[in-house]
Structures are given as C-alpha cells and as structure tokens.
Amino acid sequence: MAELLGSSSVRSGRASFCLRVVGFVLLLVFAAAASASRDISNGTSKEPNPAREEDPHHRSNTTHHKKAFPVLSFNYEHVRTPFEISLWILLALLMKLGFHIIPRLSHVVPESCLLIFVGLLVGGIIKAIGEKPPILDSTLFFLYLLPPIILDAGYFLPIRPFTENLGTILVFAVVGTLWNAFFIGGMMYAVCQIEGTGLGGVDLLSCLLFGAIISAVDPVAVLAMFEEIHINELLHILVFGESLLNDAVTVVLYHLFEEFAHIGTVTVADAFLGVVCFFVVSLGGILVGAIYGILGAFTSRFTSHTRVIEPLFVFLYSYMAYLSAEVFHLSGIMSLIACGVMMRPYVEANISHKSYTTIKYFLKMWSSVSETLIFIFLGVSTVAGPHSWNWTFVVLTVILCFVSRMLGVVGLTYIINKFRIVKLTKKEQFIVAYGGLRGAIAFSLGFLLTNDKMKDMFLTAIITVIFFTVFVQGMTIKPLVDLLAVKKKKESKRSINEEIHTQFLDHLLTGIEDVCGHYGHHHWKDKLNRFNKAYVKKWLIAGERSTEPQLISFYNKLEMKQAIMLVESGSAAKLPSTLSSVSMQNIQPRAQPRGRIIPRISKGREEEIRKLLRANLQKTRQRLRSYSRHDLMIDPFEDNMSEVRFRKQRVEMERRMSHYLTVPANRQEAPPVRKVYLADDGDSRAVSGRRATQPNLSSPDAVSLLDESSQRANQRSPDPPRRGPELQESQEEQDQLKLSRCLSDPGPNKDGDEDKNKGFIP
Amino acid sequence: MGSRASTLLREEEIEEIKKETGFSHSQITRLYSRFTSLDKGENGTLSREDFQRIPELAINPLGDRIINAFFPEGEDQVNFRGFMRTLAHFRPIEDNEKNKDPTASEPLNSRTNKLLFAFRLYDLDRDDKISRDELLQVLRMMVGVNISDEQLGSIADRTIQEADQNGDNSISFNEFIKVLEKVDVEQKMSIRFLH
C-alpha cells in the first residue's frame, strides 16, 4: 500500500513537474506571440506615441502636478528587440531541456525532429493568434546562426581521418553534388515538359537552379543526426566532410544558375567560367581562411599576459574569415574550416588550459543554440511561409532526391574503391547514402530566390524534402544502423601506446615508401611535418613549446587529464609513481636533482589522509570564491604532505576538521604555479615553521586544485617566501610544476595575497 | 633499363615471387627496376650502403632499423627475393584474401604478420619482448635530443604499465597486438603500390 502510494506520488510528482514545465513554456510562447503582436500594434501607433508622451509632460507643466509622479511605468519599446531575441532563445533552450527530461522521447525521436515539431507548434499558435510568425531570415541565418556551427565543426575536426579520406570526401562532395544537381534538375525539367502537370512554366534553368539548391547535403542536419547515432569514425567523417566541402559547389552552382536564369541562355564560355569560378571559390575560400588562421595563431603567441581574452581571438578571427570570404562570394564555410584547422595546433600550444576549455565550451554552447534555433525557425517558417502545393512537383522532388543520392553514392564508390586501401562495403555505402540529409541551408538559399512565380512552389518542395529527410531518414537511421550492425564509434581515448606506435608506424611507412621510391601519402605528410617543425612552429608558438615534440605534449596532456580525473572521481587509485613531471626540467635548467619517489605510506593512513582532505577541500571550495575581472579563481589550497610533517600534524588535523589548513607555498623561481594555501588556524607554529619553497602534491586529492588554479593575469608584487621548511617531496613538486606548466600559467607572476592568509577564513 | 631489367629477371622467378608474396606481375617488374636502380654495384644484391644512399632514409629516425629489417640474420647482402619478401608485408590486404581457407599458411601481409614486422623493429635482440631499454631507444630516436632521459623514462614506464598484463615489465607480442587492436593496422601499414 505504501509502495503504491509512494510510486504514484513519484509519478504524479514527475507528471506535475512536466506539466509545470510545459505550462511555463506555453506562457513564454504566449509572451513571444504577444510581443510579436505588440510589435504590430506599436508599429501602427508609433505616430501618436510621441504626441501622447508629450502630453503628460505638457500637462504636468501647465497644470502643475495634476498627474501623480509615476512610480511604476511601462516602457517596452526600449528593450523590445533584445527582449524578444532573448525570449526566443530561452524558449528554444527550454524546449531542448524539456526533451531530455522526458525519458523515452529522446531515445526514439532525434532532437532535430522534436525541435521542428515545436517550431510548427509555435508557428501554429502565433498564426492562430492572428499575427504573422517570423520567418527564418536568410541574413540572420547565414551571418549569425550558421557560423558557430561550422566553426565548432571545423575547429574540432579530426584531422587524421579527414586527410586520410580526403580524396573520397572530395569526390563525394564535388562530383556527387554535381551529379545530384544535374540529375534532379534534368529530370524535373523532363517531367515538367510533360503535358498535364501544369508545370509548363518552369524552364530548364530554373529547374537546374532548383536542383542545385536541393542537392547539397546539409552539415547542420548531418551533425545533429550523426551525433546521436555514434557511428564509426570513417562514415562520420565521410558524410560530414562531404557536407562541409560541398558548400563551394553549391555556392558556385547557385550563383551560376541564378545569373543565367535571368539572362536565359548558357554558352560554353559561361560553362567554362563556371568551372574556373568553382576553383576560385573553393581555393580562395581556403586561402582566406588559412590567412586568418595564421594571423590568429600568431596573435596567440603573445597572449601570455592576457589570458582572459584568448578565446575571443579565436572566435573573432574565425568569424572575420567567414565574413571576408562572404564579401567576395567565396565559400564562407570552407574559409571557416580552413581557419579553424590552421589555427588549432598552434593556438592550443600557446593558450592556457582554461582558455582551451573556454573555447571548447563556448563553441559547443553557441553551436547548440544555433542549431536549436535553426530547427525551431524551420518549423515556424513552414507554418508562416506562402505555400504553393503542387503534388507532382513535390512528390517528384522527394523521390528524385532519394534516388539520385543512392545512385550517386553507389556509382562513385565503385570508382573510388579502386583507389582506396580499405574499401567501402555495401553497408557503409548505404549509410553514406542514407545519411545525406537536407536542411536549413537549402531552405535559406531557396528563400533568397527572387522569382516569385516559382519561388513558392520551390520553397514548398524544399521544405517537404527537408521534412522528409529529417523526419523519416533521421528517425529510421538509428534502428537501421543497429539492424545492419554497422560498426559504432569506439569510445576509448587514445592511449600513450597508441600514440607512440602510431608515430612509429608513420616513420616506418615513410621509410618503406622511400625505399620503394613511391611518393605516397606518408611521404608528403612527413615532408609537411618537417617543414612545420623547422619553420612554422618557431613563428607561431611561444617560448620553448615550439620545440616540443608532439609525443611529449601528448604525454603531458594525458598525464594532466589523468590527474584531473583521479581527483574528480575521488578514487583511492594509486597515484602511479611515474606521474612525474620531469618535463619541467625542460624549461627549468636549474632544476635540482630529483630522484626520490613518494615514500609509501600505509593504506589505512592513506585513506585517512584522503578523507580529511576531501572534507576540507569541499568546504574550502565553497568558501573561497574571490573574483576579480583580471584573474580567475584563487584556489583553495595545496596540500603539503610531507610524511614526516603529516605524522606530526595528523592529530591536530583530525581535531580541527572544521577548520582550514592553509600554508602558503611560494615559488621563488620561474613559473610559479599558483597560489597554494594551507590555512591552519590554530597551528600557527607549524605554519610559521614551514618554509615552502616549492609547491607540493602528495595525494591525488590535492591535484584537484590544479583544476581551479588561478591564473594571474597581471601584476602581483612578488612576495618573498617567508616560511616553510624545505619540503622533501620532490616527486609531487615536479608533478605540480609539470601540471602547472601544462596549464600554461604565465611567467613572472608571483603569488600575491600572502597577507590574506590569516584573515582568510571568514 | 626496362628491357635489361626484364631479361635479368626470369619468368619463373616472377612466378615464384608472385606466389610467395602475392604481388602482381606489373608490381614485381616495377619494383625490380627500383631494385636495380638502387643496386649501384650491379651485382644483383643490395648492401647497406645502397640503402643508406637514399636521402630521405637518412633523415628518418628509424632509418637504420628499417634498413636492417631487409637483411636476414647476420647477412650483409639482400637479393631481390628478400627485398620483395620484406616489402610484401606492406601490401594492402584484399577482401578476397580475408576469406581464404584457414589451413593455408598466413600470407605475409596479414594483420598479424604486419604487426610482427613492426614488433621486430622494436625488439632488436629478438627475445620476443620489448624491454624498457628497447622502448627507450625507440623513443629517443623519435623525439630527438632535447628531452631529458628521465622524462623519456617516465613515458616509457607509463607505456609499459599500460600495455603490460603479465607483469614482466616488458611488452610481449600478444600484449602489443592487444594494445593496437583499436588502430586500423590494415590501413596504416599498407602502401598502395600503383598498378
């Protein structure tokens, strides 16, 4: 009985929560709609407004306070635009949130479908109210919504599989898209010529234009879908790479046909110019992107003193690359990708760990918002837009898209497989073909068309195709992937073994290629690497890291990740004795000889230490939150775990569980890692008796602090080290030095706030 | 050059090499001309100096080991058969070969044999284990001279720790295979010999 009540209450609790969410969302929708309507009403009544506003003023002047001073006034016009934008975005994100709360829905239906559906709902509601729903404006889409998604994709593009399959991707992107465009355009024209369909007015060029618009695989939709099915890397990069690279083809074809559609005829010279245009557009786009990428990398070399604005450089240079390419009608997408790819290895070597995290999460955040908004707007625009439904045209379009895609992929793969080492199987071909989704780019391009007669029909057909691919193909691809037992993505991270052996094999293969006299893939890659190492890195990477071999940076990253993970899991995992950061010796030639490893302490004591630290750590984290604009978190503390000292102090520590231990750990020489506090209220004797010349770590818990380590952006007067005995834990010290270096904390700043120590604990 | 090469290489030899390594006729002929172009002494065999004359091999960190891999134990000359036998490891695996009957001996370019070839490049003393020292040597060759011994040592230790399963502080061939199971060896260790 009790269980029944309990479960029902839980269920009702969840249901009521859902209801509340839904209710709140609806409220927002109404607010958005109302604001849209108010927009209209305000627009019409703009004229009388100033007059009206003057009136009270007038009146008050002439009649001497007949009207009371308005305690609360309503001025919506002032904030209208940002308010509505924020409201829309908030609505979109709440929707997204809602989907993931409802448990079963997100497994069956892909998110993109749900968002379009919501868009339809919202559009319907707005229309029902009687207002005109907003349409996905092409300018808004191309300039604001699309770049974040592409930048996110380009910046985190997995380079290795991309370059290994570049040939295949290019063939699919260029030849495949051309085939699609001409096939669809041609067939449509042929059908339009047939009497009785009522489509006689559509001429060849319009058909080809339509074909060009509808033929391109859309990166947004592909990304949204493939993210959820976790397919293996090869297929993912094939479809996704194709969707990115076909932008150049789409741009050229679109402009070409649009121009000719006005003129009416095409000559051979025009076709030739079209081909030239294609090369100009794609290569020019890549060039523009590469230039901005190099600029960005070069700039990041000097940002060691202003870490806070580092991410902005990445974003702005990339955005400028996109806009610059768009100015010349070059391919903006390719420019953005080239910029991100070019910039990334150098920027990542230069920027701090926190900036890296910031970049990653900002990109993900923006692209997520953009994607959500795009799909919702697609739904709304469907409801809003003028439609002209022609059964033949629309159905034909859908069928033709599907068929041409299948034919194109199969045919091209047959040719490509002759040149590939690892052939594409039939299953993989099917998935590649099936994954060719159309999306918002096609819609926006269609929207840009000027010819009113055909435009409505085209738009309707485009929307139908988009719906078909997103809903039908999007929903069924997951079960199909499972059914066909296509290889899924391997979830594991790269181990140091894999890295070493992969590099080893690279060298080996390069050597063998040289023996054979065969200038293949490895040969050129090796040449590029050599060129990079010899010339480029010196210019674009700051400091000593320019000479750091890739293996070492990989290893350092790995160690740091492991350290952070250890802390976050709070596990009692043994800190491997190899976790030494002897790499620090690289940049500190005066490093003192290190040889000792952590003296073993018994398991029981280790547990006690951990428990103590964890308890104190958590409380400290909650307390110590001091922010200033220029530096980030001052982090809590640092454990000074010399075994000898600990034995001495254990008793006191256990007694003072509620207090905080802070001890300043000062670094005299070069990159001071961060400030370390081990505040010990009552044990001033120990504090003063301590001379900490190097920071220390002896337990994984303490490593957590590195995560929150503060970055001194600028001036802090160096404080002389005052106390602390020489600590013996050379191992951890090296550790921390290395870890700090990995965080790329800037150089000359010393730890300031020693004074804060005593008055530190509130 | 072409005609002279083909007269020096008899048809029976080509057939034998074809059977042993799986290369096609045109590939064998092309590689034979490469062989003869390297063979400055024109005695039908290659010595170590002939290999070292290849410029890119000189700057390859693994250059010496690769050269050594061509020469059988203790010998200083390698003939064309041996040359092809070594190169056969890098032939791409074809689909129809995957379905061959399991009783036949494994072709030289099977995944296991490819990995064995790579393993042997690490394991110079042929004790079927990659010891810490051998690993250190390879690491040193790959990263250059600027990195300290201790740092390399810690990398080597970590590598062995990750791979080692039986606790002998070295990597055996099976552990090597296991570590690389996620790497697409068929693609990585294949060179597309143009038709």
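**View 1. Phe90(B) and Phe117(B) are both buried.** This close-up, like the others here, comes from a predicted model. A pair of aromatic rings is described by how far apart the centres are and by the angle of the planes. Counting ring pairs with centres within 6.5 Å, we get 35 aromatic pairs over all chains. Take Phe90(B) and Phe117(B): the ring centres are 5.3 Å apart and the planes sit at 85°, so this pair is edge-to-face, the label for angles over 60 degrees. Phe90(B) is in the loop between helix H7 (80–87) and helix H8 (95–98) of chain B, while Phe117(B) belongs to helix H9 (residues 111–122) of chain B, so the pair ties together parts that are 27 residues apart in sequence.

**View 2. An aromatic cluster in chain B.**

**View 3. Two arginines over ring faces.** In chain A, Arg344(A) lies over the face of Tyr155(A), 5.7 Å from the ring centre. Over in chain B, Arg91(B) does likewise with Phe23(B), at 6.0 Å from the ring centre.

**View 4. Helix H9(B) and its buried residues.** With 12 residues at 1.5 Å a residue, H9(B) should span 16 Å; the end C-alpha atoms are 17 Å apart, which agrees. Its buried residues are Asn113(B), Lys114(B), Leu115(B), Phe117(B), Ala118(B), Phe119(B), Leu121(B) and Tyr122(B).

View 5. For residues 110–145 of chain B, the end C-alpha atoms are 35 Å apart, and the span is 67% helix and 6% strand. For residues 151–186 of chain B, the end C-alpha atoms are 32 Å apart, with 61% helix and 6% strand.

**View 6. Where chain A meets chain B.** Chain A puts 52 residues into the contact and chain B puts in 55 residues. About 5,000 Å² is buried between the two chains, with carbon and sulfur atoms giving 66% of it. Ile421(A), Phe504(A) and Val515(A) supply 15% of the area that chain A buries against chain B, more than any other three residues.

**View 7. Lys188(B) and its neighbours.** Leaving aside residues up to four places away in sequence, Lys188(B) touches Val183(B) plus Arg160(A), Thr502(A), Leu505(A), Asp506(A), Leu509(A) and His522(A).

Note on methods
Residues are numbered from 1 along each chain as its sequence is written. Chains are lettered from A and ligands numbered from 1 in the order in which they are written. This is a predicted model: local features need pLDDT of at least 70, side-chain atom pairs count only at pLDDT 80 or more; totals for chains, interfaces and linings use all residues. Side-chain values use heavy atoms; hydrogens and water are left out. Rings of Phe, Tyr and Trp (its six-membered ring) pair if their centres lie within 6.5 Å; planes under 30 degrees apart count as stacked, over 60 as edge-to-face and the rest as tilted. Helices (H or I, at least four residues) and strands (E, at least two) are DSSP runs, numbered from the N terminus. Buried means under 20% relative accessible area, exposed over 50%, partly exposed in between (1.4 Å probe, protein chains only). A charge sits over a ring if NZ of Lys or CZ of Arg is within 6 Å of the ring centre and within 35 degrees of the ring normal. The expected span of a helix is 1.5 Å times one less than its number of residues. Contact means heavy atoms within 4.5 Å. Buried area is the accessible area (1.4 Å probe) that two parts lose on being put together, summed over both.
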